[in-house]
Amino acid sequence: MSKTVLVTGATAGFGAAAARLFVKNGWRAVVTGRRADRIRALVEELGPGKVCGSVFDIRDSAAMGTALDALPSSFAGIDLLINNAGLALGTAPAFKADLDQWRQMVDTNITGLMAITHKMLPGLIERRGAIINISSVAASYPYPGGNTYGGTKAFVRQFSLGLRSDLHGTGVRVTSIEPGMAETEFTLVRTGGNQEASDTLYGGANPMTAEDIANTLYWVATLPPHININALELMPVSQSWAGFQVARAGT
Ligand code: NDP
Ligand code: 8X3
């Protein structure tokens, strides 16, 4: 009997690549996101017997619950939850940032992730399943304009480690994946649709791809069941850290 993965945010980027890779390797997938046309296209591409679409906004926990309760029985038993849906909005310093954008990041990256995890936990425990949460290098390394986004991803990392403690003895594995720069729709979303900004960021930088992250997720998910990757940070070789900044009087 093949295993079933539920991937949130499967309409683009890491989530779409992960759904494709897991299905190619014989898993069944529940794919979720807000954009119904993309979910339909992905189900069509991968095959309705292997993939089931579920359209909801992760910020709306009632809609999420209703949608997941309506899954056909052949897709209802989830072995792996990949909490991937998320976003960054804006790059402004905190004192110029839009509070609504901060709220949207918290509602999506924290509250939505928390709610779907809470819903899926009993089934995951029953099936000795696994959870992979997508955090970010922004969880550990602050950068100008990263403010709330980095804060949400720090939550994801710490929540993952906390879940590991709570799930002690259940056999359920929990991993926090913490990628650096990867070319997806991430920057397009962050900049409100500025394709030029996205192309400039990634241009010549040889960033990671969605497929690189999908391969990592698949590796983590298919390790022998006695091994748990707690947290895994990855970056393109072209990305690293800069030093502290110092403000001087008169500058
Ligand atoms: P994309 O923008 O390409 O994909 C984001 C996905 O999240 C989409 O499928 C989108 O679906 C979904 N999503 C966003 N908001 C909601 C919502 N309210 N309800 C349901 N689904 C939602 O970005 P990535 O693939 O790059 O990002 C995936 C994850 O990886 C995010 O959590 C991001 O923070 C994280 N990450 C990305 C990095 C990068 O450099 N790309 C690095 C580190 C972490 P839809 O719009 O259809 O709802
Ligand atoms: C985003 C990672 O490196 O673009 O989560 O800030 S980075």
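The model is predicted: local features need pLDDT of at least 70, side-chain atom pairs count only at pLDDT 80 or more, and totals for chains, interfaces and linings use all residues. Residues are numbered from 1 along each chain as its sequence is written, chains are lettered from A and ligands numbered from 1 in the order written, and side-chain values use heavy atoms, without hydrogens and water.

**Stop 1: α1 and α9**

Select residues 13-24, helix α1, and residues 210-221, helix α9. Helices here are DSSP runs (H or I, at least four residues) and strands likewise (E, at least two), numbered from the N terminus. The axes of α1 and α9 lie 8 Å apart, at an angle of about 55 degrees. Axes are lines fitted to C-alpha atoms, for helices over the stretch in contact, and angles run from 0 to 180 degrees between N-to-C directions. The pair is therefore oblique; that class takes what is left after under 35 degrees (roughly parallel), over 145 (roughly antiparallel) and 65 to 115 (roughly perpendicular). The crossing of α1 with α9 is right-handed: the near helix is turned clockwise from the far one by less than a right angle.

Now show side chains. From α1, the contact takes in Gly-13, Phe-14, Ala-17, Ala-18, Leu-21 and Phe-22. Among their partners in α9 are Ile-213, Leu-217 and Tyr-218. Contact means heavy atoms within 4.5 Å. The residues of this contact divide into 11 nonpolar, 2 polar and 1 charged. Nonpolar covers Ala, Val, Leu, Ile, Met, Phe, Trp, Tyr, Cys and Pro; charged covers Asp, Glu, Lys and Arg; the others, Gly among them, are polar.

**Stop 2: Ala-115**

Go to Ala-115 in helix α5. Its relative accessibility is 21%, so it counts as partly exposed. The classes are buried (under 20% relative accessible area), exposed (over 50%) and partly exposed in between, with a 1.4 Å probe and protein chains only.

**Stop 3: Thr-152**

Select Thr-152 in helix α6, residues 147-166. Is it buried or exposed? Thr-152 is buried, at 1% relative accessibility. A polar atom of its side chain lies 2.7 Å from the backbone oxygen of Tyr-149. A polar contact is a pair of N or O atoms within 3.5 Å; within protein, one must be able to donate a hydrogen and the other to accept it, and residues adjacent in sequence count only if both atoms are side-chain atoms. Beyond four places in sequence, Thr-152 touches Met-105, Val-106, Asn-109 and Ile-110.

**Stop 4**

Move to Thr-170, in the loop between α6 and β6 (173-179). Thr-170 is buried, at 17% relative accessible area. Its side chain reaches the backbone oxygen of Leu-167 at 2.6 Å. Thr-170 also touches Ile-125 and Arg-128.

Centre on Arg-128, in the loop between α5 (99-126) and β5 (130-134). Arg-128 is exposed, at 57% relative accessibility. Check its phi: about 50 degrees, positive, though the residue is not a glycine. Most residues other than glycine have a negative phi.

**Stop 5: around α8**

At the start of α8, a side-chain oxygen of Asn-194 comes within 3.1 Å of the backbone nitrogen of Glu-196. Just after α8, Gly-204 has a positive phi of about 70 degrees. End at Asn-206, in the loop between α8 (195-202) and β8 (208-209). Phi of Asn-206 is also positive, near 50 degrees. Asn-206 is exposed, at 66% relative accessibility.
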